[in-house]
Amino acid sequence: MPYTGSCHCGAVTFTIAADAPSEAMSCNCSHCSRKGFVLTFVPADQFTLDSGADKLTDYQFYKHNITHRFCAICGTQSFAEGKSLDGPIRAINLCCVPEVDIDTLKINRVDGASF
Ligand SMILES: [Zn+2]
């Protein structure tokens, strides 16, 4: 069943055409740890931006492989745009998906700080 997410102020909303995940990724790199991300990854064609395209601002660093998208009003980064070997993907910040209870997810920890 599709699930939805949003930034804090509600300007940016999106729908994922997939079941909500039971697992997620947590990473200790300088970026993920500062923002407290709990992430899942979906093919870009499962992601629909429902509102807020004109409110989104970008942040990029290092190799600029990932476009971190955040709301210019409330500052929340609810998703990012990237590429995998299989094509474009979206990284979804599950902290911005109200119907997902972070405490019930199996968290797969990635040692991004060592990459
Ligand atoms: Zn916002």
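Mentor: Let's start with patches: a patch joins residues that have over 30% relative accessible area and no salt bridge, with like charges joined within 9 Å and nonpolar side chains (Val, Leu, Ile, Met, Phe, Trp, Tyr) within 5 Å. The areas come from the Shrake-Rupley method with a 1.4 Å probe, and for residues only the protein chains shown count as cover. Keep in mind that this is a predicted model, where local features need pLDDT of at least 70, side-chain atom pairs count only at pLDDT 80 or more, and totals for chains, interfaces and linings use all residues. Residues are numbered from 1 along each chain as its sequence is written, and side-chain values use heavy atoms, with hydrogens and water left out.

Trainee: Thanks! Which residues form the nonpolar patch on the surface?

Mentor: Tyr59, Phe61 and Tyr62 do, with about 360 Å² of accessible area together. Tyr59 lies in strand β6; strands (E, at least two residues) and helices (H or I, at least four) are DSSP runs, numbered from the N terminus. For exposure, buried means under 20% relative accessible area, exposed over 50%, and partly exposed in between (1.4 Å probe, protein chains only). Tyr59, at 39%, counts as partly exposed.

Trainee: Now the metal. Which residues are the protein donors of the zinc ion?

Mentor: Donors in general are N, O and S atoms within 2.8 Å of the metal (3.2 Å for Na, K and Ca); water is not among the atoms, so sites may look incomplete. Here the SG atoms of Cys7, Cys9, Cys71 and Cys74 lie 2.3 to 2.4 Å from the zinc ion. Along the chain, their spacing reads C-x1-C-x61-C-x2-C. Cys9, in the loop between β1 (3-6) and β2 (13-16), and Cys74, in the loop between β7 (67-71) and β8 (79-84), link distant parts of the chain, 65 residues apart. Cys9 is partly exposed at 38% relative accessible area, and Cys74 is partly exposed at 28%.

Trainee: Why is the arrangement around the zinc ion tetrahedral?

Mentor: Four donors count as tetrahedral if all angles lie between 85 and 135 degrees. Around this zinc ion the four donor atoms subtend angles of 105 to 116°, so the arrangement is tetrahedral.

Trainee: How many salt bridges does the structure hold?

Mentor: A salt bridge is a side-chain nitrogen of Lys or Arg within 4 Å of a carboxyl oxygen of Asp or Glu. The structure holds three. One of them pairs Lys55 with Asp54 at 3.1 Å, N to O; Lys55 is partly exposed at 30%, whereas Asp54 is exposed at 63%.

Trainee: Which residues are linked in a network of salt bridges?

Mentor: Asp58, Arg69 and Glu81. Arg69 meets Asp58 at 2.5 Å, N to O. Arg69 lies in strand β7 and Asp58 in strand β6 (residues 56-59), so this pair ties together parts 11 residues apart in sequence. Arg69 also bridges to Glu81, with the closest N and O atoms 3.3 Å apart; this pair links strand β7 to strand β8, 12 residues apart.

Trainee: Is Arg69 buried or exposed?

Mentor: Buried, at 16% relative accessible area. Asp58 is partly exposed at 42%, and Glu81 is partly exposed at 25%.

Key. Tetrahedral: all angles 85-135°; square planar, octahedral: opposite > 155°, others 65-115°.
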